[in-house]
Every structure is written in C-alpha cells, then in structure tokens.
Amino acid sequence: MLMLRTLLTTSIIVEILVIRAAAGETRSTETYRRIKAAIDATPSVDTHDHLWPFDRLPAYTQTKAGRQVNLSGLWRNSYLSGYNPVIPWKPDDDFDSWWGRAKGNFENVRSASFYRYQQAAFQDLYSVDFDQITDEQAHELNRRIVENYRDQRWVYHVVTERANIELMFNDPHWACLDFAQSYPWEVLVFNVTTLFRGFHPGEYTNEGGPWFGDPYAFAKKHGLPADTFDDYLKIVERLFIEAKDKGVASLKCTLAYLRSLRFENVSHERAAAAFGKRRQQLSPEQVRDFEDFLMWRLCELSAKYELPFQIHTGQARIQTSNPMNLVDLIDANPKTKFILFHGGFPWVGETAVIMQKHGRHVWIDSVWLPELSYSTAKRAFHEWLDAFPSNHILWGADCNHAEGIYGATELHRRCISEVLAEKVTSGDLIEEHAVHIGKQIMRDNALELFPQLKDRLWKHKGVKMEPGPK
Ligand SMILES: [Zn+2]
C-alpha cells in the first residue's frame with residue numbers, strides 16, 4: 001500500500017513536471033539552461049541578413065543634431081514596422097517629443113514575436129526592460145544607441161561577440177550585382193530577383209533604389225552584346241561566373257512577393273517572344289512565360305556553378321507563396337540544391353513533407369520564422385525534427401542593424417533550445433544528441449552545405465574582428 005502510494009506520488013510529480021514543461025515553463029528547467037548554454041557558446045553561421053555598409057545603414061535618422069542611428073531608426077527598421085508602425089520621427093523632433101508620441105505604439109504588440117525579438121536585444125545589450133520602460137530610461141537608451149553608432153565597432157562587437165556569429169550571409173539587395181563585401185565576416189549572396197525583369201532594359205529605372213541590380217549595366221561594363229534573348233541568357237551566365245569569382249556562396253530569390261511560386265517549364269521560343277518589349281506591350285502571360293523560363297535556367301546554372309538556391313517561401317504574396325508550388329520545379333532539378341526560406345511560414349508541415357520526398361537536395365531555413373511567430377517556429381522545429389534528418393535545417397537572422405541581428409539570433413537559440421529540451425524531457429531524445437542537433441542547426445549544417453566556408457572560419461584563431469582602415 002505504502003509502495004503504491006509512493007509510486008503514485010512519484011508518477012504524479014513526473015506528470016506535473018511534464019505538464020509544467022508543456023505549459024511553457026521549459027525555459028525554467030535545468031535541461032533547457034544546459035542546452036541553451038551549449039548553443040549560446042557555439043559560434044553561429046547565419047545564412048541571411050541585409051546589413052548595409054555601415055555609413056548607409058537604413059536606421060540612420062535625420063535629427064537636429066545631424067544624422068544618427070537612434071531608437072526611432074531601430075524600431076523603424078524592425079519587423080514591428082511591417083505590422084504596427086511606430087510613429088515617424090519628424091525633422092524638428094528631439095527625442096522626448098518623438099517618444100511622447102511613440103510610446104503608446106507598443107500597447108497592442110507586447111506579446112507579438114515581431115516586438116519581442118527587439119525586446120530581447122534591449123534587455124541583453126542595454127539591460128533595459130522595454131515592456132516596463134520609463135521615460136527617463138527611454139531617453140537614456142536612445143542616448144546610448146546614438147553613442148554606440150558613432151563607431152562601426154559597435155556593429156562588429158554585437159554581431160561577432162554578443163550574438164556570437166562567426167560568418168553571416170548578406171543579401172545586398174541595394175546593389176545585387178556588385179558582389180561587394182562590406183564586412184570581413186560577411187558571405188556574399190547573389191540576389192537574382194531583378195534578373196526576372198530582364199525582358200527590356202527600361203525595367204531598370206530605379207537606380208540607387210532599395211532593390212537594384214541592372215544586368216544591362218553589367219553587360220555594358222563588360223562589353224557584352226545585349227540585343228537578343230540569347231545574348232541576355234549569356235549575360236546571366238556571365239553574372240554567375242563573376243559571382244563565383246567574387247566568392248559568392250549562394251543565390252537568393254524573393255519573387256514570392258511579386259508572383260506565384262509555380263514556375264512552368266516553358267519553351268525557349270515562348271520566353272523569347274517577350275524579349276525586347278516593354279512591359280506595357282506584353283500580356284501578363286507573356287511576362288510570366290519569360291519569368292518561368294528564366295527560373296528553370298537559373299536552377300540549371302545553380303547546379304552548374306554550385307550555388308545553392310535560397311528561395312523565399314511562405315509569408316509574402318500569400319495567395320501563391322505556398323512552398324508546395326515549387327515541388328514540380330524541385331522534382332525536375334535533382335542536381336540543384338534548394339533552400340526553402342522562412343520554413344514556408346505558415347506552411348511548416350508542407351515544408352516537412354517536401355523534405356520527406358525530396359530532402360536529398362533540399363534544405364529548410366528557419367530564417368525570420370521565430371520573429372514571424374515564436375509558437376509556429378516551435379511547432380515547426382518539433383515537427384521537422386520528427387520528420388527528416390537534422391542536418392538539413394539552417395537558420396538566419398534577416399535584419400539590417402546590430403540590435404535586430406542580436407534579437408533574432410537570441411530568439412532562434414531560445415526557440416531551438418526550448419524544443420530540444422522538451423524532446424529530452426519527454427524522453428524522445430537524450431541530452432547529448434539534443435546539443436548536437438542544436439549545434440548542427442546554428443552552425444554545422446551550413447558548413448556542411450557550404451564546405452568552402454571552413455577556410456573562412458576565424459574564431460578558433462582567438463582573433464577579434466576589427467574594422468580595417470578607411
Ligand atoms: Zn531577407
């Protein structure tokens with residue numbers, strides 16, 4: 001009887017522990033803390049950001065005291081601004097006048113992941129609890145941000161030391177075809193999105209804009225003819241050669257914001273019919289033919305030049321951005337290495353089945369996912385680790401300032417650690433394997449997919465990354 005009671009009590013305690021873990025208290029367990037500490041200590045390979053050259057950071061704000069990166073600039077360039085914009089800074093504002101109008105803007109987003117990742121950065125980098133910030137603390141936080149951004153060492157420090165990122169892929173969408181590196185820890189990405197407009201040179205009129213890459217300017221610079229569709233395809237291939245030459249590691253495509261991810265295998269002839277005509281002279285079907293053909297050509301070139309293809313899937317133009325739309329393209333291009341960005345959010349179960357069927361040459365990248373929805377990211381990591389091998393998951397921060405990169409990295413580490421700790425607690429994983437998987441996602445998987453990056457690792461040398469002389 002006594003034994004039975006002891007047994008019962010023990011099982012009740014175990015049950016309570018499991019329920020507590022399931023109810024979100026995982027982060028207070030020792031298992032979580034140990035896994036998180038091991039993952040924090042692992043220098044990461046971040047597969048996606050948009051970190052502009054330091055003097056062109058989009059967070060710069062024109063103030064009466066001159067051009068500064070301030071609190072307003074950081075929030076304006078955070079994911080919060082996509083859903084719940086913080087009130088703009090006016091040219092005649094000082095901090096207190098702006099804050100007076102802005103401080104109410106956070107009321108409805110306290111629980112949203114696109115707010116919480118920045119909160120994590122303010123907490124860890126400035127010891128400020130943004131949830132309970134006072135006017136005085138906000139004033140002081142702003143002063144410290146302005147001070148930090150007087151020197152680009154701040155960005156170096158936060159990215160490489162505080163966020164513990166060893167290498168960071170950078171998608172320079174402001175100058176897609178320049179292949180110019182701005183930071184020593186940066187891995188270049190070739191953003192091919194603007195090539196899809198190549199049916200006419202008149203498509204490239206936004207010189208200097210945020211999404212810029214003119215293949216005709218590249219052709220002119222290199223003395224390449226650009227009169228026929230075949231000339232154009234040769235220019236595209238020359239860009240691949242140039243990209244490889246400059247050390248680019250992967251391709252990136254964000255067409256999911258503009259059109260469907262279903263790309264038909266159209267004939268050369270049909271695609272050529274759109275070439276040399278202005279958009280107004282073309283039907284939407286003709287434009288689509290051109291784009292579809294080019295996508296298949298880019299997949300071939302991706303395989304030929306060994307540049308894995310990062311493709312934005314999910315949250316974009318949601319009518320047509322379900323990653324399932326890519327399956328025919330993936331199926332027909334087994335030599336191309338596809339990387340499905342953002343986990344396909346919200347279609348994370350769809351990406352899991354794509355991995356089960358085509359996982360040999362497909363990777364999932366959880367970039368941006370925890371900031372879109374932390375709980376969806378948790379579900380995704382749980383399901384993915386149940387469904388396919390752990391060496392095909394990558395991660396990235398997808399931000400354009402130091403605090404964003406830090407916050408997104410911290411949220412990722414937290415999310416992955418939480419999922420792994422839950423799997424350990426439920427008896428589905430031993431802790432040693434959990435730590436191994438965490439390190440795979442944050443670092444090792446990227447080095448396995450991009451083995452050339454092993455030559456660029458620097459942390460083991462015990463050096464510090466410093467900006468070079470100007
Ligand atoms: Zn991005």
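Over residues 1-8 of this predicted model, pLDDT stays under 50, and these residues have 0 contacts beyond four places in sequence. Where pLDDT is low, the predicted coordinates should not be read in detail. For the chain, pLDDT averages 94, and 93% of the residues score at least 70.

- An open sheet is formed by 8 strands, with parallel pairing and the order E1-E4-E5-E6-E7-E8-E9-E10.
- Strand E1 (44-49) and strand E10 (393-394) stand at the edges; each has a single partner strand, so one side of each lacks a neighbour in the sheet.
- Strands of a sheet pair through backbone hydrogen bonds, in either a parallel or an antiparallel manner.

**Strand E5 and its surroundings**

- In the strand order, E5 stands between E4 and E6.

**Pairing of E5 with E4**

- Strand E4 (residues 165-170) runs parallel to E5, and 3 bridges join the two.
- Met 168 has Glu 186 of E5 as its bridge partner.
- Phe 169 stands opposite Val 187, which also belongs to E5.

**Pairing of E5 with E6**

- Strand E6 (residues 250-253) pairs with E5 over 3 bridges, again in the parallel sense.
- Lys 252 in E6 is the residue opposite Asn 191.

Technical notes:
Residues numbered from 1 in each chain as written. Predicted model: local features only at pLDDT ≥ 70, side-chain atom pairs only at ≥ 80, totals over all residues. Pairing = 2+ DSSP bridges. Helix = DSSP H or I, 4+ residues; strand = E, 2+ residues; numbered from the N terminus. pLDDT = per-residue confidence, 0-100. Contact = placed C-beta atoms within 7 Å.
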